[in-house]
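Subject: A structure for you to look through

Hello,

Here is the structure I promised to pass on to you. Please open it next to this email, and then read on for what turned up.

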Amino acid sequence: MNKNIVFCGVGGQGTVLASRLVADAAMKENRHVMTAETIGMAQRGGSVFSHMRIDDKQEKSLTVVRSPLVARGDADLIIGFEPGETVRQLPYLKKDGWVVTSTRPVQPVSAMIGLSSYDSEAMISYLKKHVAHLILVDADQALADIGNPRVLNIVLLGAAIRTGEVGVEPADIVEALHARLTEKVWEVNEKALAYAG
């Protein structure tokens, strides 16, 4: 089954790493993967998102995915690292799609300096009203339970994998983690991947 996934958050949350781990795992399963990322604002805490399209397992190099961009209304899954960014990407979600998002807000710079307002509770209420398949991850509790403030991306990835909508095996994500990260953080990231709250 082909999968269309949107990852979204703000700079510094590990959005791009999460998307690359899924891409690595899908390619290990001999599937064709295309991605597109916006990372220019990442260092300033701006919006970051990745689109990912994954083909079924290939037969004779036949490729169904010809563009990395997910069309509006075609995403099987949105993995949101921040409620406001998740709401911003909702137009990409298909009618019966899934959303996995952190409940921890990250205020945009414009709200911090008083040029706009930001109400994370309103964002979460909006998601509850408009998304049939919604998993809210209490980031503060998860990170306290795991004992590491830097693994939210992997907690969210684990929750998303358990929906069945990522379409890759957890063991392949673990292998991708081992390939991309240093050995000293393998254990905590594996714990984060398995975290079920």
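What share of the contacts in the chain with a separation of 6 or more comes from residues 24 or more positions apart? Such residues account for 62% of them, where contact means heavy atoms within 4.5 Å.

Two notes on how to read everything below. This is a predicted model, in which local features need pLDDT of at least 70 and side-chain atom pairs count only at pLDDT 80 or more, while totals for chains, interfaces and linings use all residues. Residues are numbered from 1 along each chain as its sequence is written, and side-chain values use heavy atoms, with hydrogens and water left out.

The overall picture

The chain has eight helices and six strands; helices (H or I, at least four residues) and strands (E, at least two) are DSSP runs, numbered from the N terminus. Starting at the N terminus, the order of the elements is β-α-β-β-β-α-β-α-α-β-α-α-α-α. The chain has 197 residues, and 45% of them count as buried. Buried means under 20% relative accessible area, exposed over 50%, and partly exposed in between (1.4 Å probe, protein chains only).

Helix α6 and what follows

Helix α6 covers residues 152-162, and it is largely enclosed by the rest of the structure because ten of its eleven residues are buried. Those buried residues are Leu152, Asn153, Ile154, Val155, Leu156, Leu157, Gly158, Ala159, Ala160 and Ile161. After α6 comes Gly164, which has a positive phi near 85°.

In the loop between α6 and α7 (170-180) you will find Glu165. Is Glu165 buried or exposed? Glu165 is buried, at a relative accessible area of 17%. Its side chain is joined to that of Lys3 by a polar contact of 3.3 Å. A polar contact is a pair of N or O atoms within 3.5 Å; within protein, one must be able to donate a hydrogen and the other to accept it, and residues adjacent in sequence count only if both atoms are side-chain atoms. Leaving aside neighbours within four places in sequence, the residues in contact with Glu165 are Lys3, Ile5, Asp76, Leu77, Trp98 and Ala160.

Thr15 is in helix α1 and counts as buried, with 2% relative accessibility. Not counting residues up to four places away in sequence, Thr15 touches Phe7, Cys8, Gly9, Val10, Val48 and Phe81. Asn30 sits in the loop between α1 (15-28) and β2 (31-38). Although Asn30 is not a glycine, its phi is positive, about 65°. Asn30 is exposed, with a relative accessible area of 54%.

The axes of α1 and α6 come within 9 Å and cross at roughly 45°. Axes are lines fitted to C-alpha atoms, for helices over the stretch in contact, and angles run from 0 to 180 degrees between N-to-C directions. The two helices α1 and α6 are therefore oblique to each other; angles under 35 degrees count as roughly parallel, over 145 as roughly antiparallel, 65 to 115 as roughly perpendicular and the rest as oblique. On the α1 side, the contact is made by Leu17, Ala18, Leu21 and Val22, and on the α6 side by Asn153, Ile154 and Leu157. By class, this contact of α1 with α6 has six nonpolar, one polar and no charged residues. Here Ala, Val, Leu, Ile, Met, Phe, Trp, Tyr, Cys and Pro count as nonpolar, Asp, Glu, Lys and Arg as charged, and the others, Gly among them, as polar.

α1 also packs with α7, at an angle of about 120° and with the axes 8 Å apart. That makes α1 oblique to α7. The residues of the contact of α1 with α7 divide into seven nonpolar, no polar and six charged.

Helices α7 and α8

How far apart are the axes of α7 and α8? The axes of α7 and α8 are 10 Å apart, and the two helices pack at an angle of about 155°. That makes α7 roughly antiparallel to α8. Pro170, Ile173, Val174, Leu177 and His178 of α7 meet Trp186, Asn189, Glu190 and Leu193 of α8 in this contact.

Leu193 lies in α8, which spans residues 186-194, and at 8% relative accessibility Leu193 counts as buried. From Leu193 to Leu152 there are 41 residues in sequence and 9.4 Å in space, C-alpha to C-alpha.

Enjoy exploring, and write back with any questions!
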